[in-house]
Amino acid sequence: MNKKKIVLAVIVLVALIVSFIGGQTYSKYITEVKGQGVAEVATWNFKVNGETENLKQVINLKSTVNNETLVNNKIAPGTKGNFAIKLDATGTEVGIKYDITAKNQVNKPTNLKFTSNGKIYDNLEQLLGEAGGIINANDPNKVKQIQIAWEWKYETGENPSQIGQNDKIDTQNGITAENFTFEIYVTGTQIMPNA
């Protein structure tokens, strides 16, 4: 029986040695490397005339003229002036599409005209409808300035008949004079990045 026990012990010992050696032969190397994912968020900065939200700005035309020529700082035939809308995307890291609209234009004198980039407009809705644009993310200068001039000519028309008719219109605008008001809205929207 002792021989059987010795033989059984030797077999168990050999099986253990073989399984240990065989287990090591079939093992594989596994290395886990831990890393971190980092995505920097592009900054957004869009200002209009120094404001950072959607701009709703009321422009006072009387503040853009020579006040010495008017009574009580009011506009009248023969007055003119200008104002600017300054768009500033300095510091933003994305492209911006900007839209400018005029709303609630009320009591505009008929013969008062607006000019921008050498083109004459009858009203601000037309002018500002063409004033929108894009500031690209990689533009070296991210400041745009839209210059708008206005003029209520003293006389309008190409002949005495037209001048007389327009003088009547100007006079009627003066008789029923109420404040000419309008609002300007500027909205900046991020442009979808190209793939």
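Modeller: Strands count as paired when DSSP finds at least two bridges between them. Strands (E, at least two residues) and helices (H or I, at least four) are DSSP runs, numbered from the N terminus. The model shown is predicted, with local features requiring pLDDT of at least 70 and side-chain atom pairs pLDDT 80 or more, while totals for chains, interfaces and linings use all residues. Residues are numbered from 1 along each chain as its sequence is written, and side-chain values use heavy atoms, without hydrogens or water.

Biologist: How many helices and strands are in the chain, and what pattern does the chain follow along the sequence?

Modeller: The chain has three helices and nine strands, in the order α-β-β-β-β-β-β-α-β-β-α-β. pLDDT is the predictor's confidence in each residue, from 0 to 100. Its average over the chain is 74, and 63% of the residues score at least 70.

Biologist: Which strands pair with E8, and over how many bridges?

Modeller: Strand E3 (residues 79-88) pairs with strand E8 (residues 143-152) in the antiparallel sense over ten bridges; within this pairing, Gly 81 has Trp 150 as its bridge partner. Strand E5 (residues 112-116) also runs antiparallel to E8, joined by four bridges, and there Lys 113 is partnered by Glu 151.

Biologist: Which strands pair with E4?

Modeller: Strand E7 (residues 133-135) pairs with E4 in the antiparallel sense over three bridges, with Lys 97 opposite Ile 134. Strand E9 (residues 181-190) is antiparallel to E4 over nine bridges, and Tyr 98 stands opposite Gly 188.

Biologist: Is Ser 116 buried or exposed?

Modeller: Buried means under 20% relative accessible area, exposed over 50%, and partly exposed in between, with a 1.4 Å probe and protein chains only. Ser 116, in strand E5, has a relative accessible area of 9% and therefore counts as buried. Contact means heavy atoms within 4.5 Å. Beyond its neighbours within four places in sequence, Ser 116 contacts Tyr 121, Leu 127, Ile 146 and Gln 147. The Ser 116 side chain reaches the backbone oxygen of Gln 147 at 3.1 Å. Across the chain, buried residues make up 24% of the 195 residues.

Biologist: What does Asp 99 touch?

Modeller: Asp 99 lies in strand E4 (residues 96-106) and is partly exposed, because its relative accessibility is 34%. Residues up to four places away in sequence aside, Asp 99 touches Tyr 185, Val 186 and Thr 187. A polar contact is a pair of N or O atoms within 3.5 Å; within protein, one must be able to donate a hydrogen and the other to accept it, and residues adjacent in sequence count only if both atoms are side-chain atoms. The side chains of Asp 99 and Lys 97 make such a contact at 2.8 Å. From C-alpha to C-alpha, Asp 99 and Gly 132 are 4.6 Å apart, although 33 residues separate them in sequence.

Biologist: How much of the contact in the chain joins residues at least 24 apart in sequence?

Modeller: Among contacts between residues at least 6 apart in sequence, the share is 77%.
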